[in-house]
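Trainee: Please show me the chains and how they meet. I would like to go through the interfaces one by one.

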Amino acid sequence: MAVSTAAGPMPNALTTGRLPKGTIWMVLGGSWLLLGLVFGLVQMAGGTKQYNLVGALFLGTVLFDILVFVISYLVEGVRQARDRLATSLVTTAFIIALLPLVSLIYTVLLNGLGRMIQPSFFSQSMRNVLGAEGGAVHAIVGTLEITAVAALISVPIGLLTSIYLVEYGRGTLARVITFMVDVMTGIPSIVAGLFAYAFFVLVTGNVGYRSGLGGSIALAVLMIPVVVRSSEEMLKLVPNELREASYALGVPKWLTVVKIVIPTSIAGITTGVMLSIARVIGETAPLLIIAGLTDSVNYDLVHDRMMTLPVLVYTQYSNQGAHQSDFVNRAWAGALTLILIVMALNLVARLIARIFAPKLGR
Amino acid sequence: MATPTTGAIKARVRLGDRVFSSSTVFAGSLILVLLAAVAIFLIVQSIPAITAKAGTLPNAAPNFWVYVWPLVFGTVWAAAIALVIAIPISIGVALFISHYAPRKLSQGLGYVIDLLAAVPSVVFGLWGVLVLAKGIQPFFVWLNENLGWIPLFGGVVSGTGKTVLTVAIVLAVMVLPIMTAVCREIFLQTPVLHEEAALALGATRWEMIRVAVLPFARPGIISASMLGLGRALGETLAVAMVLSPAIVINFFLLTAQNPNTIAANIALQFPEASGVGINTLIASGLVLFVITFIVNAIARIAVNRRKAFSGAN
Amino acid sequence: MNVNRRIVTRASSIAAIAIAATIVLSSCAANEAAPSTSGSAAPVSKLSGTLNGIGSSAQGAAQTAWIAGFQTSNPKVTINYDPQGSGAGRTNFISGAADFAGSDAALKDTEIATPSPLCKSGTKAIDLPVYISPIAIAYNVAGLKDLKLDAATIAGIFKGAITKWDDAAIKSLNSGATLPSAPITVVHRSDDSGTTQNFTDYLSANAPTVWDKPAAQTFPYAVGDAAKGTSGVADAVKGAANSIAYIDESGATGLGIAQLKVGDSFVKINAAGAADVVAKSPAATGRGTNDLAIAIDRKNTDKNAWPLVLVSYLIVCNTYDDAAKGSLVKAYASYVASAEGQAAAATQAGSSPLAKDLAAKVAAAIATIK
């Protein structure tokens, strides 16, 4: 151990060769400040018209990554430097992922909130509406009904299939199903809509067939592979020791699955199901084809056209006519409502998961 | 104690077991039936296009394969760039949430990322056109001026920013939440004993992640990437709204003439298509189907090699 | 910490319940009052039923206006219009999937030959011109007002032969204007559309030497940026400096609109001029009685004429198999072609109301619908 020759206090053995605690944060703040100044100067010199905050933050973070590695390498050695680099890179990844999220949420809130909080948005449909009034009741009803039925179809099928693949499936059938599920993730959403349409035309013999149920089928086709894939991964991660312990106690296999395997992985499964709902609730193209669009409220899933929120957003944006702002405002408000609905569903699912999940170390 | 050993012990077959296992088989088979139905629908509808004579196809293509080839290229190209952007970021974000962020924060952070999955693709399209394309265009000009000697950044830069790179960024943002969520759950499932063993041997946090977490999670990461790729390949409206398409094959990232993707092409042309045109579009959907098939087959092989790390084998 | 979490959990469940309650409570849309309770002041229409139309997205905003107007005076009627596209509209009409279609192009001969199962056997479908929209050449150039262009220059720009704003061809038409020495960003439609069809038809008729491709729904040259739909093109032009596009006039709000050289003078975009060009155009050849398909005269050089115009049709059966449907379609089409309906479309969609004599012809054709 090196003994300091200076008159200062004896250094602590545990902190020599380590960076002082606040260094990292100072370096981060410093790099942001520096790049902020650089971009400020560029702006003043007339290089850019607006202040480029995103660019400053991004380049500042990159500079920080480099600086941290170099400083840590000089003070702490290569292993610590690598560790610090990894930490800063992971943090950078997180910040980069946040940038579009923040920008997107900001855009949607900025454009949608003002229109959404007007009472008409939740009390009216678009029937006979021409001006700035009108609302999304018909679309909210449609989205909730269609998505609920799609989930009712695909969650049991998807979950049972993943249980088959993990707990029972051996041999050719399991391999084929695994592979086919992968292939199913690649069905373009618009093809799912065309398929559902063709299916219902075949069954009903009515070439003009449109209904909410058809939309549910199309969405279920898109949802099932996501449910299977994510649940399968989660079930696989349940330690074999748990299953073996259960068998050793004489518990039948199906009860082991229902009482041990599923509860252990329920948090992951719920996340997967929520993600699959989030994946399909915003689908537009298939619903345009099979559920159609209407301006009026329709509670009947089996008969007649049904409006949904993404279709509302899309049509309000693409059919603006001469009074653009009325339509665009409704589109953004619809998008915000859709995001809020998914958020609410997510919250509920998390509550459910928390109630059923066994208490683990984490 | 002497036991009569006449053959293997036969377990009693329980009714619950039988019902449960056959219902799982039924569900699995249902997926096969569903997929077969979709495949039959696609193939039947595709035949008129594949056998169509020159002159009846859109874009004056002499045959279907000439028509679909630029679209195949564009689909794979855009999805590939999107994944190149999204994979490292999603692994980073998932690691940040599972192993770096303070416990109290991590759940909230996971929730914030999940929020992105809730954003409908139309909104991504709107955001891509109105915010991203406009905002990133000056950066494209800069890239083109300073790094134009790299072939990727060459060509005449687009005036609107509606290029394949913008689309790839939008796609990357769209697939991030699903990839991050799956990666995160898998990182959290790493056996704590492995992690603690690594740390106890004096590993730094990064070394622990490299030797304990990542190997355990590799099949899951590939799985997550496939989910993301599936979405990126098949994304329809966001691409249709953001991309400025042309019938070309090139590797330029910043020009206005970009190869179109299959799904976006269907969305753009379907409304005005009639006759063989409709069959052609559905046949291109079949091609997309086959592409996903191949990509997944490759991924499966990669995952199976590392099967030893799965908990349930 | 635990207490905190419980509070958060409780707050979030309350929020979830509140959202659910709002949605359930509000589900009886306030603007959809039951017809029976509506006031006795207005004579309640006897018409009832549902009509489904599919077709042109150019007509989308106008159809919204017509449907609202018609449903207000006939509260028991529901009309849905799905602006998928003209091709989809005609295909679905012929297959019987749509009761009527909206289309930027009249029925093709082969489409007339295959009758819709909705029409009484032996009778034909008819095209009714009900929606006229001038197409604008819209641009976004800072400080540039009253841009003047002729067909050959427009063709040159959109073909990629003229690439700079201060090109000699543009300069000679705009003496005195300050043109930037910047590259032109051309924006065109990425989806197939009637707007592109009419735009290219105009150019191939008026500048055939420059625009050497025939009229088509797909933009024929690999030039410039492409964007989806009228709103996509409008947003692209608004977002990109020094850009230019062709666009339905209603979408050009907030952008500069070029004056067009018609004959020897420059004309500002105007609804009456567009309606006049359509009214004076000859009927398309080989059409049955009551079919009012129009071959637009792109070379009309009248004063204030605007030949860069899009006509969109309502396609219906002349005699429906189902008489009730026939009377419903007849009532709706009459409203659409009436002065009231045309005015509603003009305010809502920025279209040009039909000229008087054409409106009379359309009304006479509608009178024969059964």
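This is a predicted model: local features need pLDDT of at least 70, side-chain atom pairs count only at pLDDT 80 or more; totals for chains, interfaces and linings use all residues.

Mentor: Residues are numbered from 1 along each chain as its sequence is written, chains are lettered from A and ligands numbered from 1 in the order in which they are written, and side-chain values use heavy atoms, with hydrogens and water left out.

Trainee: What area is buried between chain A and chain B?

Mentor: Buried area is the accessible area (1.4 Å probe) that two parts lose on being put together, summed over both. Carbon and sulfur atoms give 75% of it here. The total is about 8400 Å².

Trainee: Which residues form the salt bridge between chain A and chain B?

Mentor: A salt bridge is a side-chain nitrogen of Lys or Arg within 4 Å of a carboxyl oxygen of Asp or Glu. The rule finds one across this interface. Its closest N and O atoms are 2.9 Å apart, and the partners are A:Arg79 and B:Glu207.

Trainee: How are H10(A) and H1(B) oriented to each other?

Mentor: Helices are DSSP runs (H or I, at least four residues), numbered from the N terminus. Axes are lines fitted to C-alpha atoms, for helices over the stretch in contact, and angles run from 0 to 180 degrees between N-to-C directions. The axes of helix H10 (residues 253–281) of chain A and helix H1 (residues 15–50) of chain B come within 7 Å and cross at roughly 65°. Angles of 65 to 115 degrees count as roughly perpendicular, so H10(A) and H1(B) are roughly perpendicular.

Trainee: Which residues of H1(B) meet H10(A)?

Mentor: From H10(A) come A:Lys253, A:Trp254, A:Val257 and A:Val258. Their partners in H1(B) are B:Gly16, B:Asp17 and B:Phe20.

Trainee: What area is buried between chain B and chain C?

Mentor: Here 24 residues of chain B are in contact with 26 residues of chain C. Carbon and sulfur atoms give 52% of the buried area, which is about 1900 Å².

Trainee: What is the count of salt bridges between chain B and chain C?

Mentor: The same cut-off applies as before: nitrogen and carboxyl oxygen within 4 Å. Between chain B and chain C the count is zero.

Terms used: Contact means heavy atoms within 4.5 Å. Helices (H or I, at least four residues) and strands (E, at least two) are DSSP runs, numbered from the N terminus. Angles under 35 degrees count as roughly parallel, over 145 as roughly antiparallel, 65 to 115 as roughly perpendicular and the rest as oblique.
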